[in-house]
Amino acid sequence: MRYQERRAVVGSAVAGGLNNSELSRVKPAQEPISRKQIARTLALTDFGLVLTLAPVAYAVTSWNGSLTGFSAQLPLVLLAAVLTVSLCGQAGTYEPRKVNRPGMTVLRATLSWVAAALSVFAVGIVSGSLVFGWSPWLAGWFGAVLVSLSGTRVVFSALATRWALEGRLGERVAIIGDPLMVRRLSGRLARSEEGAAQIVGLYSDRSVGRTSLGAISGDCDDLLADLRTQPVNAVIIAVPEGEDERVAALRERLLEAPVDVRLCPGGHALLDGGYSVAETSGVPLMEVGFRPLAGWRRVVKEIEDRVIGLVITLMIAPVLLGIAVAIKLDSRGPVFFKQRRTGYNNQLIEVLKFRTMYIEDNDADGVRLTQRDDPRVTRVGGVLRRWSLDELPQFLNVLRGDMSIVGPRPHALLCKAGGKYYRDAVPGYDARHRVKPGITGLAQIRGWRGPTETERQIRKRVEYDIRYIENWSLWLDLKIILVTAFTGFKSENAF
């Protein structure tokens with residue numbers, strides 16, 4: 001039976017039409033393979049390729065095929081391997097649901113390797129470990145890894161597609177517990193975008209009339225019997241909250257079988273939203289809220305901001321100087337305008353902008369939003385606002401650590417939409433302050449910039465801000481930066 005047919009059988013079972021003997025036809029001839037397993041193997045393969053292709057390229061490009069002197073390059077090679085895997089992970093190339101989508105992952109893996117290689121080459125040149133005389137092996141190593149990263153993704157994609165057609169891609173799970181929760185959980189698993197779970201049986205832990213159970217046609221004894229004849233990876237216990245003795249009894253019975261036993265922690269686990277399990281002092285707890293940028297993700301974001309921010313600041317330095325001169329010649333007053341705005345964790349920051357209004361009309365708290373043909377705006381200021389050039393000094397905020405290049409735009413303290421303060425207009429407004437504010441963001445490249453005359457305008461901005469926070473990746477940041485660079489500076493809504 002092909003993969004699509006198996007999914008159809010499981011779907012009809014979830015709807016309430018098949019018994020366990022019919023569900024048993026879904027089992028594959030061979031042991032299943034999980035997408036997570038494939039993704040982890042791909043990451044290890046990438047790491048190994050970067051490490052092993054370096055000495056191979058060195059030997060091939062040397063005069064006598066010797067590795068003499070290569071040992072001095074090992075730290076840089078190891079750094080390249082770590083960076084490549086980290087950047088590929090941040091770019092989403094190891095996400096289980098993408099293992100059979102080579103078109104999406106090859107480009108991201110290529111860009112990740114280019115970024116890692118450039119970083120390592122820069123470190124090597126600065127430290128003196130690399131010299132131009134070694135360029136042949138560097139070129140060979142770079143090219144070999146580039147081709148290999150693309151090739152492995154095509155191969156893994158082909159394997160994943162084949163295993164999916166054979167019905168081997170994904171865990172085989174059985175669910176036991178309260179009939180209502182069992183059916184709800186099976187439906188949730190069947191609708192999952194991951195497509196990783198094959199439901200092989202639905203069971204009740206209570207003796208009730210089988211005619212009232214719909215798709216459920218067995219109890220715990222039936223489950224244990226089926227576990228001895230069918231390949232099953234895991235059994236999920238699904239019971240309402242507060243049924244600790246019921247859970248303990250089921251767990252004790254299921255420990256008789258060689259399967260993973262997992263617990264669906266109550267009905268709230270079936271609600272939409274992100275959940276995971278974390279440990280605190282060895283105690284497993286359900287995590288229902290997340291710090292958006294923690295651990296390695298925070299390090300990557302900081303490196304991105306400081307490195308790209310410094311490069312861009314140096315590149316635009318002549319432009320900054322030219323704008324500063326134009327502002328001084330156009331009207332009296334300082335070049336920069338400092339405005340208090342809400343930053344990370346609701347802390348106040350001073351955002352730098354080029355002054356675009358007459359000095360007597362500056363509004364530090366944003367009480368009065370700028371309007372089209374606003375008389376407070378100077379001639380030079382109008383041009384700067386139209387092209388968003390007044391925002392360029394915020395790269396200094398990035399280097400100072402107050403802001404990021406990409407993130408939710410910082411709002412002035414007293415801004416309103418539809419006559420309401422932003423916090424009153426949008427429930428959960430402050431959730432956008434869980435990360436540093438940015439010079440540009442997802443809302444800006446999607447067209448939600450300019451005035452906020454209605455509540456809908458600010459709600460759409462916040463909606464995209466939250467979407468960015470919950471889906472952050474290095475790849476997403478680079479995409480937003482590129483879109484901003486080519487299309488994001490000029491807008492009809494900027495004045």
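Biologist: What should I know about the model and its numbering?

Modeller: The model is predicted, so local features need pLDDT of at least 70 and side-chain atom pairs count only at pLDDT 80 or more, while totals for chains, interfaces and linings use all residues. Residues are numbered from 1 along each chain as its sequence is written, and side-chain values use heavy atoms, with hydrogens and water left out.

Biologist: How are two packed helices described?

Modeller: By the angle between their axes and the distance between the axes. Axes are lines fitted to C-alpha atoms, for helices over the stretch in contact, and angles run from 0 to 180 degrees between N-to-C directions. Helices (H or I, at least four residues) and strands (E, at least two) are DSSP runs numbered from the N terminus. Here α10 (residues 296-330) and α11 (residues 379-386) pack at about 145°, with axes 8 Å apart. Contact (heavy atoms within 4.5 Å) is made by Ile323, Ala326, Ile327 and Asp330 of α10 with Arg379, Val380 and Leu384 of α11.

Biologist: How do the strands of a sheet pair?

Modeller: Through backbone hydrogen bonds, either parallel or antiparallel. Two strands pair if DSSP finds at least two bridges between them. In this model, four strands form an open sheet in the order β2-β1-β3-β4, with parallel pairing. Its edge strands, β2 (197-204) and β4 (260-265), each pair on one side only. Neighbouring strands are turned by 25° against each other on average, direction ignored. β1 (residues 171-177) and β2 pair over seven bridges, and Glu171 stands opposite Ala197 in β2.

Biologist: Which helices pack on the sheet?

Modeller: Helix α8 (residues 220-227) touches β1, β2 and β3 (234-239), and its direction makes about 145° with that of β2. Helix α9 (residues 244-254) touches β1, β3 and β4, and its direction makes about 165° with that of β3.

Biologist: What span should helix α4 have?

Modeller: The expected span of a helix is 1.5 Å times one less than its number of residues. For the 17 residues of α4 (residues 74-90) that gives 24 Å, and the end C-alpha atoms are 24 Å apart, which agrees. Its buried residues include Leu76, Val77, Leu83 and Leu87; buried means under 20% relative accessible area, exposed over 50%, and partly exposed in between (1.4 Å probe, protein chains only). Just after α4, Gly92 takes a positive phi of about 85°.

Biologist: How many residues separate Glu463 and Arg467 in helix α15?

Modeller: Four, in α15 (residues 455-470), which means about one helical turn.
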